[in-house]
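Here is a short note to read alongside the model. Please keep the viewer open and follow the points in order.

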Amino acid sequence: MPVPVPRQRQSPAVENGQAVLPKQQTGSALDGREATAPTAPAMSAVSAVSANKHDLTLLVIEDDPAGTFTVPSLLDAAGTRVRIRTARNLTEAERLLTDDVHCILLDLSLPTPSGSDEGDELATLRHVLRLAPGHAVLALTAETDAERAADAVRVGAQDYLFRDELDGRQLSRAIRYAVERKRADTAQHKLAESRLRAQENARLERGLLPTPLLEGSNLRFASRYRPGRSRALLGGDFYDTVRTSDGTVHAMIGDVCGHGPDEAALGVELRIAWRALTFAGLCGDELLSTLQQVLEHERENDEIFATLCTVDIAPDGRRAGMCLAGHPSPLIARQGRPAQLLPYDDGGPALGLLPRARWSRRQVELGGSWSLMMYTDGLIEGRVGPPEAKQRLGQDGMVEMINRQLAAGLSGEALLEAAVNEARDLNGGELTDDVALLLLDRREDLRPART
């Protein structure tokens, strides 16, 4: 059954080496003549020209008993074939609106859809735009209805055509323009969304990653954070550092099992809870027991747990209390001595594993000048060695790596950056787990810092 297409005016059989539908093979609703199909040679030329082109498909939504459109396709001067489908109402149009449709030509005189405002002259257009938000739309109307046609573009159509002046060449040009304009609009919209998302992510990063509160302390602070998920803002790792009114510096680092956004959100909740509880005077077992209650109420299921390490550095900076909840022990580098791990043989279980768990608080001597590095297991779980015998970097491998970097004179942010980069290089690619590192430095000759 032939599908209608508008007549073409003054279209030669071949134009600039490209075949087009000849005028005598098309008809018009104005003169009532029935169009005939192209001859075999013309059809062969059309097929040959369009074989290497990206064809377009037009869905015409028009209830015209006179049959304005009379052939199944047309070919523009650029050699692009436009296939045409017709629908006499919106119900039929919805059935024919498949993924291969590029453009819709909508007759604005179609009846208003049921449930729409009868006084809205563009209700049909609004319905089609909701039905096909990703498609280019051309509005078809009478020349005497120019104001309505302009309103159609303001509502969302890419362009409008007047029925009385419509011919094949004008239609094919309008289709190409509408499709390209829709693509440009879509690309611009995605770009704007991407920029907005980047701005929002930057604001989230400033809000979610902590600002150390070390006013009055002579400790220097550095941190490094790298989420394991591609393009993620945060992972399940978290850390924080604050100084309370008695001069004690409290540092914490933790890791929620898993790598998704739910784990990241839970990590943020635990960090904020830790800061609030620390300022309220809690520490050691009392603090960790309360954090476990927070975890148990906020986690998605009973299998979620979190590891945690807390260090409370005395006001004189020479000693500290440390609690481990299933977390690797910090590394300390004292002046003139190689880095080593702090004792870790009396740590407790991770938060969320045992309902009535207890955590001991161990006293450790720091000394006069030192660097204390706290980290999550993403740093030590990378692989190292030849492909046929790769093994985990582990804590011993990490200590060796840090000692090499300290010997090279690295400190602060540069030390943390080098540690993450070398662990990644040893792994032979990006580390799959989240990585967080926190570094506190003390030099006896330093004056109290202002942050």
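1. A definition comes first. A residue is called buried when its relative accessible area is under 20%, and exposed when that area is over 50%. With that cut-off, look at strand β20. Val435, Leu437, Leu439 and Asp441 point one way from β20. Ala436, Leu438, Leu440 and Arg442 point the other way, and all of these residues are buried. In a regular strand the side chains alternate between the two faces of the sheet. Eight of the eight residues of β20 (residues 435-442) are buried, so the strand is largely enclosed by the rest of the structure.

2. Now the overall picture. This is a predicted model. The protein has nine helices and 20 strands. Of its 451 residues, 48% are buried. Among contacts with a separation of 6 or more, 67% are between residues 24 or more positions apart.

3. Which strands pair with β20? Strand β9 (residues 220-226) runs antiparallel to β20, and seven bridges join the two. Phenylalanine 221 stands opposite leucine 440 of β20. β17 also pairs with β20 in the antiparallel sense, over six bridges. There, methionine 373 stands opposite leucine 439.

4. Is it buried or exposed? Arginine 224 counts as buried because its relative accessibility is 18%. Leaving out residues up to four places away in sequence, arginine 224 touches Leu416, Glu417, Val420, Val435, Ala436 and Leu437. Arginine 224 and leucine 415 are 191 residues apart in sequence, yet their C-alpha atoms are 9.8 Å apart in space.

5. Next, the open sheet. Five strands make it up, in the order β10-β11-β12-β13-β16, with antiparallel pairing. β10 (237-243) and β16 (362-365) stand at the edges with a single partner strand each, so one side of each has no neighbour in the sheet. From one strand to the next, the twist averages 20 degrees. Strands of a sheet pair through backbone hydrogen bonds. β10 pairs with β11 (residues 249-256) over seven bridges, in the antiparallel sense. Aspartate 237 stands opposite aspartate 255 in β11.

6. Two helices pack on this sheet's strands. α6 touches β10, β11 and β12 (306-313). The direction of α6 makes about 15 degrees with that of β10. α7 lies across β12 and β13 (319-325). The angle of α7 to β12 is about 150 degrees.

7. The helices also meet each other. Two packed helices are described by the angle between their axes and the distance between the axes. For α6 (residues 261-279) and α7 (residues 284-298), the angle is about 150 degrees and the axes are 10 Å apart. The crossing is right-handed. From α6, the contact takes Leu266, Glu269, Leu270, Ala273, Trp274, Leu277 and Thr278. From α7, the contact takes Leu287, Thr290, Leu291, Val294, Leu295 and Glu298. These residues divide into nine nonpolar, two polar and two charged.

8. Helix α8 deserves a length check. α8 (residues 394-407) has 14 residues, which at 1.5 Å a residue should span 20 Å; the end C-alpha atoms are 20 Å apart, so the two agree. The buried residues of α8 are Gly394, Gly397, Met398, Val399, Met401, Ile402 and Gln405. What do they pack against? Their partners are β14 (331-334), β15 (340-341), β17 (370-375), β19 (391-392) and α9 (412-427). After α8 comes glycine 409, with a positive phi near 90 degrees.

9. Valine 137 counts as buried because its relative accessibility is 0%. Which residues does valine 137 contact, beyond its neighbours within four places in sequence? They are Ile104, Leu125, Val128, Leu129, Ala157, Gln158 and Asp159. One of these, alanine 157, is 20 residues from valine 137 in sequence and 5.0 Å away in space, C-alpha to C-alpha.

Note on methods:
Residues numbered from 1 in each chain as written. Predicted model: local features only at pLDDT ≥ 70, side-chain atom pairs only at ≥ 80, totals over all residues. Heavy atoms only, no water. Axes fitted to C-alpha atoms, helices over the stretch in contact; angles between N-to-C directions. Helix = DSSP H or I, 4+ residues; strand = E, 2+ residues; numbered from the N terminus. Left-handed = near helix turned anticlockwise from the far one by under 90°. Contact = heavy atoms within 4.5 Å. Nonpolar A, V, L, I, M, F, W, Y, C, P; charged D, E, K, R; others polar. Pairing = 2+ DSSP bridges. Expected span 1.5 Å × (residues − 1). Buried < 20%, exposed > 50% of the residue type's maximum accessible area, 1.4 Å probe, protein only.
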